[in-house]
Amino acid sequence: MSIEAEALLQEAKESIEAAQNYRSELQQRLHGLSQARKQVRGSASQTGEALQRHFQELQTAVSRLLTERLSALLQEVDSIELDSVSPLDDCQKLIEHGVSTADELLREGEAAIRCGINEKEDKLGSFTKKALQIQLDSLPEVPALVDVPCLSAQLDDSLLHMFRTHVARHGSVASHPPVQIEELVERPGGVLVRWCKVDDDFSPQDYRLQYRRGNSSQYEDTYIGKDTEFLVLQLDPHIDHLFRVCARGEGRTEWSPWSIPQTGYTTLAPHEWLPGVDGYILSSRKNIAMRNDSSPGHGGVLYSNSPSYFCGQTLTFKITAAGQTDKRDSLGVCADSRTATDSLQRDQAVCISTNGAVFVNGKEMTNQLPAITVGSSVTFDMEVVNLFPVSNNNNPSDGGNFKLRVTIGSGNREVVFDWLLDQVVDSLFFGCSFTHPGWKVLVF
C-alpha cells in the first residue's frame, strides 16, 4: 500500500472515530433533552394536579364556611322571631278572651232587656253586677310597632370585593425554585449539602433541607435555619440519597417550591471511637464519646477505631458537654495510636488543648485559639505539601520526611502550620484525652 493510501486510511479511521465520538456526544445530548422534557412535563402535570386539588379543597372549605354562617344567621332569625312573637301571642289570647267575655255580656244584657216584666228586674240586676265584675274600663296594653323587633339582614358588600382581591392574588406558578442545591460533598458517614439562592428578587428568611433514601418515597426534615450548608450524618455508605431544599421569604409563612432533587452518596465509612477504653463511654454508633468518672484525675488517650482520616478531608470535633479543664486535655490527629500516653501533646501528633493552646509534635505554638466550651466545634484540615525521599531507590515509603499543611479552626479563628512527619502515612488516627469527667465529644 502506498504512502498516500496509508495516509488516507489513517485519516479515514480518525474520521470514523471522530464521527463515533460525535454521535455519542449527540446521543448524550438527546438523553439530556429527554430528561429536560420529562422534567418540564412531569412538573407541569404535578403542578396542575396540585392546583386543582388545592382550589377544590379551598372551594369546598369556603362553601362549608358560607353554609355554616348562613345556618347560624337563620337560627338567629328564628330565635329572635320566636322570642318576639311569644308575648304577642299571649297578648292576643288575652284580648280574644276579653272579646269573648264582652260578647257573652252583650248577649246577657240584650236578653235582660227583652225579658218580661216579672223577670226583668232580677235579670237586669244580675247583668249589672256581672258588668261591674268584668271591669269594662280595663284594657290590655298593645305594644307599639316601634317597640317590637323589625328584623333585617346587615350584609357587608365589601366582603365580596375583599374576597375577590385575595383570590386574585392567591397562589402563583414558579418556573424555577428560588434556591437550588449547589454542591454535594461526601464526608465520613454523611454528605455535606451546600445550596444557594438563584432568584435575585427573593429574600430568604430560613432554609429547609430534606433527604430520603433512593428506594424510599418519604422525605424527612434534617435542617431548618439560616445557614446555606449542612452536614447530613448517619448515612450508610454506597447508598444513594436524594436531597432537596426550599426557603421561606422574609415576612412569609409558606415555604417556596422545592429545588430539583439531587442524588448524593458517601463512600467513606463513618468515623468511630475505639470501644473498650477505660474512662470513656461510647454511643451506639460509636461517634460520640463521653468521659466518665471511672478513673477521675488521670486517664489515657481515646483513639479512633482505625486510621480513618485522610488528607483533603475535614475532621470535626463538636463538644456537646464540658467538664473541668486540665492543661493535659487534647483533641487532635496523630500518626499512631500509642497506649502509654495520657495526652496527644506528644511527637507524631497535632492537637488543641481545652484552653486553646495548639501543640505540634509535643511543642506548644505561640498562636492560640479560643478556649473549648460547650457548643465549640474544632476542625482539622490537612494537605500534603512536600516529600523528601532519603532512600536509595527513591521510594518514600522506605523512609523520609513527610510534610503536611495543617489548618485548625475553632470559633472564628484558625491557625495554619506545617507538620513534619518522619514517615509517609496514607491515613491518620484521631483522638482525645480528658482528665476530668463530664466531657462529651461528637466526631464527624
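**Pocket and sheet**

Tutor: Before anything else, keep in mind that this is a predicted model. In the second largest pocket, α1 gives the most to the lining, with 9 residues.

Student: How many residues line the second largest pocket in total, and which lie nearest its centre?
Tutor: The lining is made up of 19 residues, and those nearest the centre are Arg69, Leu73, Gln154, Leu155 and Asp156. Two elements give two or more residues to this lining, namely α1 (3-114) and α3 (158-169).

Student: And what volume does the second largest pocket have?
Tutor: The volume of that pocket comes to about 680 Å³.

Student: How do the residues of its lining divide into nonpolar, polar and charged?
Tutor: There are 13 nonpolar residues in the lining, alongside 2 polar and 4 charged ones.

Student: OK, switching to the open sheet of 4 strands: what order does it have?
Tutor: The strands run in the order β4-β3-β6-β7, and the pairing is antiparallel. At the edges are β4 (220-225) and β7 (262-264), each of which pairs on one side only.

Student: By how much are neighbouring strands of this sheet turned against each other?
Tutor: On average they are turned by 30°, with direction ignored.

Student: Which residue of β4 does Gln210 stand opposite?
Tutor: Gln210 stands opposite Asp221 in β4. As background, strands of a sheet pair through backbone hydrogen bonds, in either a parallel or an antiparallel way.

Definitions and conventions:
Residues numbered from 1 in each chain as written. Predicted model: local features only at pLDDT ≥ 70, side-chain atom pairs only at ≥ 80, totals over all residues. Heavy atoms only, no water. 1 Å grid on protein atoms, 1.4 Å probe; cavity = no way out; pocket = protein on both sides within 12 Å on 5 of 7 lines; lining within 4 Å. Points joined across faces, edges and corners; volume = space filled by probe spheres on them. Nonpolar A, V, L, I, M, F, W, Y, C, P; charged D, E, K, R; others polar. Pairing = 2+ DSSP bridges. Axes fitted to C-alpha atoms, helices over the stretch in contact; angles between N-to-C directions.
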